[in-house]
Amino acid sequence: MKRCPNCNRSYTDASLNFCLEDGTPLVAEALPDSNATIRYPPARDTAEPPPTEIYRPDSPLINQTPTAPAYQPQNQQWTPTPSPVPEKKSNAVWWILGGLLAFGVIGIGLVVGVIAWASMNATNTNNSNVTNRIENRNANVVVNTNSPPANINANSNSSSLPAAFSDDFSSTKWGTGDSKFGRIWYADDEYHMSSKDKTFIVMYAPSDEYNTENATVKVTARSVDGTVPSSGFGLMVHCAQSKNKQLEDYALLVYPSDTPEYEIIKHKDGTQTSLVNKTTSTAIRPHTNPNQLEVRIKGSELSFYVNGQYLTKITDSENYKRGRAGLYTSGVTEVAFDDLEISR
């Protein structure tokens, strides 16, 4: 759309450069500008205390994106009243001014086009990096924590942590209670946990004294009645919660059956993944016999032991090193934990 600055007549013919009424050079109408606003996902941070229990039901994540209504342009055009065509003027100034104006309009159009293209490209790139990953082998998860590790993304200094720390579970420090997902309680100087069927239950340590960075972490665990939990039980390290209040940690799980097995798992934003699938090991004592579970951590390398015998090792690819110790069990089997030790 072009307009005559002298008589304010408007023309829709893009090829016209001069007013048909008085010969004045036409100017282009200004185009609206728009900028997209981009929102970035929050970083992993557990500075705010989470609720006592977090329950995630087995339901699919529905990612609905509203569809903007299509724009329907109106097929209307204003046509000026025919008027006598003015005589051509021989003054060269008009031609010079018209040429300069045309170059100016073209230049502005190019700049606007480049800005719009850059904005659209940045938005598309950001959207392509967003991925929703919601899956877990167990339908219901309950997380019981006292408070999360503070400043999980800040630089930490392992030299400021205690050289040795222990908890024999003779005094009540960790969380206890009943819920629709399981039960946690103290008995006979041990820490007992029992989940519901087809569920696992997790307890993270109550304070930063249980930090597992560059540490050797040990705990003794046993099945009280000798049965084996459906998804095992065991020791967790580098435990924290994501910004979405979901589990993030590594764990050594054992299955003390007639043919004992172990498994290494990882939680990432609540999703449980098996890093080392179930593997048989004669180092694990079966049934009601207690087993000492151990994780030796040096930088990003985690080595796993049972009763002093080496099992396997993995690399901390998620950089979870500033988390705490934790305990895990699954199914209805009652499991007892005792003599937690952390040394550097």
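**Close-up views of a predicted model**

**View 1. Glu301 counts as partly exposed, at 35% relative accessibility.** Here buried means under 20% relative accessible area, exposed over 50% and partly exposed in between (1.4 Å probe, protein chains only). The model is predicted: local features need pLDDT of at least 70 and side-chain atom pairs pLDDT 80 or more, while totals for chains, interfaces and linings use all residues. Numbering starts from 1 along each chain as its sequence is written, and side-chain values use heavy atoms, without hydrogens or water. What does the side chain of Glu301 meet in a salt bridge? The partner is Lys313, at 3.6 Å from N to O. A salt bridge needs a Lys or Arg side-chain nitrogen within 4 Å of an Asp or Glu carboxyl oxygen. Lys313 sits in strand β18 and Glu301 in strand β17 (residues 301-306), so the pair ties together parts twelve residues apart in sequence. Strands (E, at least two residues) and helices (H or I, at least four) are DSSP runs, numbered from the N terminus. Lys313 is partly exposed too, with 46% relative accessible area.

**View 2. Lys266 and Glu318 form a salt bridge.** Their closest N and O atoms are 2.9 Å apart. The pair links distant parts of the chain, 52 residues apart. Lys266 belongs to strand β14, whereas Glu318 is in the loop between β18 (309-315) and β19 (324-330). Is Lys266 buried or exposed? Lys266 is buried, with a relative accessible area of 12%. Glu318, by contrast, is partly exposed at 25%.

**View 3. Ile265 lies in strand β14 (residues 261-268).** Ile265 is buried, at 0% relative accessibility. Where is Met236? Its C-alpha atom is 9.3 Å from that of Ile265. Along the chain, Ile265 and Met236 are 29 residues apart.

**View 4. Arg183 pairs with Asp178 in a salt bridge.** The closest N and O atoms of Arg183 and Asp178 are 3.6 Å apart. Arg183 is partly exposed, with 41% relative accessible area. Asp178 is exposed, at 61%.

**View 5. Asp188 lies in the loop between β8 (182-187) and β9 (190-195).** Asp188 is exposed, with a relative accessible area of 72%. Patch members have over 30% relative accessible area and no salt bridge; like charges are joined within 9 Å, nonpolar side chains (Val, Leu, Ile, Met, Phe, Trp, Tyr) within 5 Å.

**View 6. Ile96, Leu97 and Leu100 form a nonpolar patch on the surface.** Together these residues have about 310 Å² of accessible area (Shrake-Rupley, 1.4 Å probe). Leu97 is placed in helix α1 (residues 92-128). Leu97 is partly exposed, at 44% relative accessible area.

**View 7. The protein chain has one helix and 20 strands.** The chain holds 344 residues, and 38% of them are buried. Its accessible surface is about 19800 Å². Carbon and sulfur atoms own 52% of that surface. How much of the contacts with a separation of 6 or more comes from residues 24 or more positions apart? Their share is 68%, with contact meaning heavy atoms within 4.5 Å.
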